[in-house]
Amino acid sequence: MDSRAWPEDAPSLLAVAHPLRWRLLRQLAGGDLRVRELTAAVGEPQNLVSYHLGLLRAGGLVEARRSAADGRELYYRANLDRCAQLLVETGEALHSGLRLQPRPVEAFAGRVAGRVLFVCTGNSARSPMAEALTSQLSGGAVEAHSAGSHPRRLHPNTVAVMRHYGIDLAGRAATHLDAFAGQHFDYVVTLCDRVREVCPEFPAPARSLHWSMANPADAGAHDRESYPAFEQTAAELTVRIPLFLELLTTKEAA
């Protein structure tokens, strides 16, 4: 059924009440993908996939960001934080007694286990943030590492922002991706579009995920100008990582 057939006051989450839109959202729940990758994954023509992606974007369930590697393409991502919010709103719209609560972050401590590698280009902002936050939010149960294809020194804003999360990264050295060649991981997560194209294959059981995230260092020529972008990157990671820990908890691929 087309989403336009729903009453105007129907919750936006009902936009997924279509087999193809559900399949697209399930694909994007695992990681960020381009439209041609989604087309291949669901086995439907691009014009149909693009149409349904448009409906999901209109409902706030899917977002798009232009690729940093090829500006002609878009990476689509599921707005899972918004999905969780709409899930609560949908329950309350149906009956005031239906109030769903997300799993508290503290619930992951000691419950998850795994070995994860986060990769970006410079290993100066996105990947070390992801490594540190994963270790913190899992209570140290997840062995998290990070690396870069072209390592640079840790950005001062990375250190400053992580201090607000109770994490001290001062003095941390960047690591080249080659340092982890041949090692075993449960997941290898790429956080920038360029490095996704050069990231090597890792031995099984490693699974690859992609989070298309802008480099916060590109947001300004000076540290003061780019600092808000670093805050935004950390905030996005605090949404993505607890959901990622659910994958490690359930051992279920999205």
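In the predicted model, Leu-20, Arg-23, Leu-24, Gln-27 and Leu-28 of helix α1 are in contact with Leu-38, Ala-41 and Val-42 of helix α2. Sorted by class, the residues of this contact comprise six nonpolar, one polar and one charged. Helix α1 spans residues 19–30 and helix α2 spans residues 35–42. Packing of two helices is described by the angle between their axes together with the distance between those axes. Here the axes of α1 and α2 come within 10 Å and cross at roughly 120°. Helix α1 is therefore oblique to α2, since an angle of 65 to 115 degrees would count as roughly perpendicular and one over 145 as roughly antiparallel. The crossing of the two helices is right-handed.

Arg-23, one of the α1 residues that meet α2, also takes part in a salt bridge with Glu-44, at 4.0 Å from N to O. This pair joins distant parts of the chain, with Arg-23 in helix α1 and Glu-44 in the loop between α2 and α3 (46–58), 21 residues apart. Both partners are partly exposed: the relative accessible area is 36% for Arg-23 and 27% for Glu-44.

In total, the structure contains 14 salt bridges. Another of them is formed by the side chains of Glu-63 and Arg-77, with an N to O distance of 2.6 Å. Distant parts of the chain are linked by this pair as well, Glu-63 lying in strand β2 (residues 62–66) and Arg-77 in strand β3 (residues 74–78), 14 residues apart. Glu-63 has a relative accessible area of 32% and is partly exposed, whereas Arg-77 is buried, with a value of 16%. Arg-77 is classed as buried because the cut-off for that class is under 20% relative accessible area.

A salt bridge is also found within a helix. Arg-240 is paired with Glu-236, and their closest N and O atoms are 2.9 Å apart. Both residues belong to helix α8 (residues 223–250), where they are four residues apart and therefore separated by about one helical turn. Arg-240 is buried, its relative accessible area being 9%.

Beyond these pairs, salt bridges also form a network, which links Arg-34, Arg-36, Glu-37, Glu-73, Arg-196 and Glu-197.

Key:
Residues numbered from 1 in each chain as written. Predicted model: local features only at pLDDT ≥ 70, side-chain atom pairs only at ≥ 80, totals over all residues. Heavy atoms only, no water. Axes fitted to C-alpha atoms, helices over the stretch in contact; angles between N-to-C directions. Parallel < 35°, antiparallel > 145°, perpendicular 65-115°, else oblique. Left-handed = near helix turned anticlockwise from the far one by under 90°. Contact = heavy atoms within 4.5 Å. Nonpolar A, V, L, I, M, F, W, Y, C, P; charged D, E, K, R; others polar. Buried < 20%, exposed > 50% of the residue type's maximum accessible area, 1.4 Å probe, protein only.
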